[in-house]
Amino acid sequence: MRIGHGFDVHRFGEGDQLMIGGVAIPFTHGFIAHSDGDVLLHAICDALLGACALGDIGRHFPDTDPAWAGADSRALLRRVIGLVQDAGYRVGNLDATVIAQAPKLAPHVAAMTANLVADLGVANGAVNVKATTTERLGFTGRGEGIAAEAVVLLVARETAHG
Ligand SMILES: Nc1ccn([C@@H]2O[C@H](COP(=O)(O)O)[C@@H](O)[C@H]2O)c(=O)n1
Ligand SMILES: C[C@@]1(CO)OP(=O)(O)OP(=O)(O)OC[C@H]1O
């Protein structure tokens with residue numbers, strides 16, 4: 001078994017929606033990012049890469065590479081899952097927290113979870129997504145951006161030879 005942790009932050013900028021967990025959420029701002037800025041999926045990618053000792057998302061998808069400009073982070077996540085499989089592992093379970101003063105995320109958590117179940121190729125019940133405010137403290141509390149953390153457990157894939 002392998003454990004991994006990921007953390008990411010994106011600052012708010014111009015826009016009218018946030019992409020979080022592959023769900024487009026109407027909001028007063030967008031994220032400043034090279035990709036679609038999906039802070040939750042970036043934290044999850046880092047947790048998966050960390051568990052495999054494969055570095056981080058910036059190493060695999062540099063923000064200087066035009067190939068990733070405006071990238072759908074679900075596509076990045078699926079590439080990372082391919083790396084996890086190549087390393088001989090599959091996801092056992094994933095737990096993640098989005099740290100946001102606003103918007104209210106609870107109504108979107110089921111859709112985020114369904115996206116993750118599909119992209120990670122796991123059973124329902126292997127993925128948990130949570131949200132919390134920081135009680136108006138710090139940069140998230142001041143409404144400057146959103147952070148996300150993720151923890152993942154990987155287990156060895158079964159092979160024909162066991
Ligand atoms: N952006 C957010 C933040 C929180 N929630 C939900 O509200 C609950 C209470 O949040 P506290 O920060 O006061 O603990 C939290 O457990 C979430 O269910 C949310 O939906 N969106
Ligand atoms: C995802 C990548 C690549 O498009 O860019 P951003 O969307 O800016 O995201 P970040 O989490 O800052 O860094 C990882 C980058 O390599």
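In what sense do strand S2 and strand S3 pair, and over how many bridges? They pair in the antiparallel sense, over 4 bridges. S2 is residues 17-20 and S3 is residues 23-26.

Some ground rules. This is a predicted model, where local features need pLDDT of at least 70 and side-chain atom pairs count only at pLDDT 80 or more, while totals for chains, interfaces and linings use all residues. Residues are numbered from 1 along each chain as its sequence is written, and chains are lettered from A and ligands numbered from 1 in the order in which they are written.

Terms next. Helices (H or I, at least four residues) and strands (E, at least two) are DSSP runs, numbered from the N terminus. Two strands pair if DSSP finds at least two bridges between them.

Back to the hairpin. Methionine 19 has alanine 24 in S3 as its bridge partner. There are 2 residues between the strands, and glycine 21 takes a positive phi near 65°.

Now the sheet. It is open, has 5 strands and mixed pairing, and the order is S4-S1-S7-S5-S6. S4 (30-31) and S6 (127-132) are the edge strands, each with a single partner, so one side of each has no neighbour in the sheet.

Take the pairs in turn. S1, residues 2-13, is joined to S4 by 2 bridges, antiparallel. There, phenylalanine 12 has phenylalanine 31 of S4 as its bridge partner. S5 and S7 run antiparallel, with 10 bridges. Threonine 97 sits opposite glutamate 149 in S7. S5 and S6 run parallel, with 6 bridges. Here isoleucine 99 is opposite threonine 132 in S6.

On to the helices. Helix H1 (residues 39-51) lies across S1, S4, S5 (89-99) and S7 (145-156), at about 155° to S1. Axes are lines fitted to C-alpha atoms, for helices over the stretch in contact, and angles run from 0 to 180 degrees between N-to-C directions.

H1 also packs with helix H3 (residues 73-86), at about 10°, axes 10 Å apart. The two helices are therefore roughly parallel (angles under 35 degrees). Contact here means C-beta atoms, placed from the backbone, within 7 Å. From H1, the contact includes Leu41, Ile44 and Leu48; from H3, Leu76, Leu77 and Val80 are among the residues. The contact holds 9 nonpolar, 2 polar and 1 charged. For these classes, Ala, Val, Leu, Ile, Met, Phe, Trp, Tyr, Cys and Pro count as nonpolar, Asp, Glu, Lys and Arg as charged, and the others, Gly among them, as polar.

Ligands now. A residue is near a ligand if its C-beta atom, placed from the backbone, lies within 6 Å of it. Around ligand 1 we have Ala100, Lys104, Leu105, Ala106, Ala131, Thr132 and Thr133. That shell is 4 nonpolar, 2 polar and 1 charged. Ligand 2 has 13 residues around it, the closest being Ala33, His34, Ser35, Asp63 and Trp68. Its shell is 6 nonpolar, 5 polar and 2 charged.

Most residues other than glycine have a negative phi, and most peptide bonds are trans. The bond from alanine 102 to proline 103 is cis, omega near 0°. Proline 103 is in the loop between S5 and helix H4 (109-120). Glutamate 135 is not a glycine, yet has a positive phi of about 55°. That residue, glutamate 135, is in the loop between S6 and helix H5 (138-141).

Key. Two residues are in contact if their C-beta atoms, placed from the backbone, lie within 7 Å. Angles under 35 degrees count as roughly parallel, over 145 as roughly antiparallel, 65 to 115 as roughly perpendicular and the rest as oblique.
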